[in-house]
Amino acid sequence: TEMDLDKALRVAVEAATKAGELVVQGLLTSSKVMNKSATDVVTEVDHACEELVRNHLLENFPECSFLGEETCQDEVAEMTNKPTWVVDPIDGTANFVHKVPYSAVCIALCIDRQPVVGVVNVASLGEMFTAVQGKGAFLNGKRIQVSETSRAEESMALTEMGSQRSESIISHRLDVINAYLSSNIQAMRCFGACAINMCLIASGKAEIYFEEGPHAWDVAACTVILREAGGIVTNTDGSAL
């Protein structure tokens, strides 16, 4: 039986709204921080948000699988063709830890390994991005579209430093930044959250975003949002995602 994608969107928005409230509360209080590595952190709020979201989604769609950043201990967790909720409870955890209000709750429904429903809640800014495949992308219920700018001199480019800090990765990232700046790009920014970057592109506020290393939970929700806003999402070599 086919899934009701409109119901899926409604349930995902409910979950993202509840989790967003926890994120906003967490920005105002101190949170216990656990380090995955020296540059990759997780907080008790990440875990609480993921549990809340997981419970709400699976209560409404018990037939679905669930893939979340914090409950997925195995880096090579398999995504199957089965309907799967893919969740990043807080994208931009380092921002959250430093009380910088640029983080997002990301929820996607993937069917046949492709995202068909996407919700990104930037609760601290009061911004809820939503999309269902084939039905357009929205910010707080208002239709959004990518920028029509095609000239580098009028464009804003986005990237991130990421949490991997090997010499070769740092060198490559600096090469990318250098290439951007050499193209006479008007502005270059790092906002510290993949989902926020992709939603800025979807809403026509920035034009280009390049990053190596994001996981499925970082990009799934915003991929359907960006595509529905008229954007193009590819692997770094230009191949289909």
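Here are some questions and answers about a few residues in this predicted model.

Q: Where is Ser 103, and what is it in contact with?
A: Ser 103 is in the loop between α3 and β5. Leaving aside its neighbours within four places in sequence, Ser 103 is in contact with residues including Val 23, Ile 90, Phe 96, Asn 121 and Ile 196. Contact here means heavy atoms within 4.5 Å.

Q: Why is Val 100 not simply called buried or exposed?
A: Exposed means over 50% relative accessible area, buried means under 20%, and partly exposed is in between. Val 100 has a relative accessible area of 30%, so it is called partly exposed. You will find Val 100 in the loop between α3 (93-97) and β5 (104-111).

Q: What makes the nonpolar surface patch of about 220 Å²?
A: Val 100, Tyr 102 and Leu 125 make this patch. In such a patch, nonpolar side chains are joined within 5 Å.

Q: Which residues touch the most other members of the largest nonpolar core?
A: The largest nonpolar core has 35 residues, and Ala 104, Val 120 and Phe 129 are among those that touch the most other members. At least two residues of this core come from each of several elements, including β5, β6 (114-122) and α6 (216-228).

Q: What does the second core include?
A: This separate core of 29 residues includes Leu 57, Trp 85, Val 116 and Val 117.

Methods:
Residues are numbered from 1 along each chain as its sequence is written. This is a predicted model: local features need pLDDT of at least 70, side-chain atom pairs count only at pLDDT 80 or more; totals for chains, interfaces and linings use all residues. Side-chain values use heavy atoms; hydrogens and water are left out. Patches are made of residues with over 30% relative accessible area and no salt bridge: like charges are joined within 9 Å, nonpolar side chains (Val, Leu, Ile, Met, Phe, Trp, Tyr) within 5 Å. Accessible areas come from the Shrake-Rupley method with a 1.4 Å probe; for residues, only the protein chains shown count as cover. A salt bridge is a side-chain nitrogen of Lys or Arg within 4 Å of a carboxyl oxygen of Asp or Glu. Helices (H or I, at least four residues) and strands (E, at least two) are DSSP runs, numbered from the N terminus. Buried means under 20% relative accessible area, exposed over 50%, partly exposed in between (1.4 Å probe, protein chains only). A nonpolar core is a set of buried Ala, Val, Leu, Ile, Met, Phe, Trp, Tyr and Cys residues joined through side-chain atoms within 4.5 Å.
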